[in-house]
Amino acid sequence: MQILDEAGAKTWDEAKIARWLGGKHEIDSRWCQLVTNDYLVQRGPRAGEHPAKVLVTKTLRTAPDELWPHLIDEDRRREWLDLEIGLKAVGAASLRFDGGGHSRVTMAVSELDDTRSGEPRSRITLRHYRISEDSVDETKAFWSSALNQLERHLAELKQ
């Protein structure tokens with residue numbers, strides 16, 4: 001934090017901080033993003049505004065490759081999630097989008113061992129960052145409900 005303070009980062013935007021860290025200190029992009037987010041929450045123009053985050057996980061009886069299209073395809077996502085999202089980044093097993101205001105949401109999919117009966121399983125991990133403390137319970141309830149709806153939707157498709 002001190003190095004960024006000394007460089008004048010308090011007035012920089014997120015992209016400039018990440019570029020500076022990557023260029024000046026040769027930090028890889030993932031660490032740049034983590035350090036940048038922490039810095040902005042603690043010291044930047046949004047300091048103290050969005051200190052909280054929500055973590056919700058759900059284990060689904062679906063293989064990751066069957067689950068993934070229901071996350072990244074807009075039409076399929078609308079079948080279980082009543083929320084318009086603007087995708088910002090899609091990786092091999094994760095996606096990131098704006099969560100409203102300055103908040104961000106990431107979803108990551110991981111493959112789990114099959115059930116004893118041989119049924120595939122996946123875990124979806126959702127993190128909603130930079131939210132206000134007073135919205136934590138509501139946000140967690142929303143995402144828990146959304147992932148439960150996804151589970152019901154996937155079960156209906158198997159019938």
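Colleague: Let's start with contacts. What share of the contacts in the protein chain with a separation of 6 or more comes from residues 24 or more positions apart?

Modeller: A contact means heavy atoms within 4.5 Å. In the protein chain, 58% of the contacts with a separation of 6 or more are between residues 24 or more positions apart. Keep in mind that this is a predicted model, where local features need pLDDT of at least 70 and side-chain atom pairs count only at pLDDT 80 or more, while totals for chains, interfaces and linings use all residues. Residues are numbered from 1 along each chain as its sequence is written, and side-chain values use heavy atoms, with hydrogens and water left out.

Colleague: How many helices and strands are there in the protein chain?

Modeller: Helices (H or I, at least four residues) and strands (E, at least two) are DSSP runs, numbered from the N terminus. The protein chain has 7 helices and 5 strands. Reading from the N terminus, the order is α-α-α-β-α-α-α-β-β-β-β-α. The C-alpha atoms fill a box of roughly 60 × 35 × 30 Å along the principal axes.

Colleague: And what percentage of the residues is buried?

Modeller: Buried means under 20% relative accessible area, exposed over 50%, and partly exposed in between (1.4 Å probe, protein chains only). Of the 159 residues in the protein chain, 35% are buried. As for the surface, accessible areas come from the Shrake-Rupley method with a 1.4 Å probe, and for residues only the protein chains shown count as cover. The chain exposes about 9600 Å², with carbon and sulfur atoms supplying 46% of that.

Colleague: Now the charged pairs. How many salt bridges does a search of the whole structure find?

Modeller: The general idea is that side chains of opposite charge can pair when their charged atoms come close. To count as a salt bridge, a side-chain nitrogen of Lys or Arg must be within 4 Å of a carboxyl oxygen of Asp or Glu. The search finds 7 of them. Take Glu-151 and Lys-58, whose closest N and O atoms are 3.0 Å apart. This pair links distant parts of the chain, since Glu-151 is in helix H7 (residues 136-158) and Lys-58 in strand E1 (residues 52-60), 93 residues apart. Glu-151 is partly exposed at 33% relative accessibility, whereas Lys-58 is buried at 18%.

Colleague: One last thing: which residues make the nonpolar surface patch of about 210 Å²?

Modeller: Patches are made of residues with over 30% relative accessible area and no salt bridge; like charges are joined within 9 Å, and nonpolar side chains (Val, Leu, Ile, Met, Phe, Trp, Tyr) within 5 Å. Here the patch is made by Ile-72, Leu-87 and Val-90. Ile-72 lies in helix H5 (residues 69-72) and is partly exposed, with a relative accessible area of 32%.
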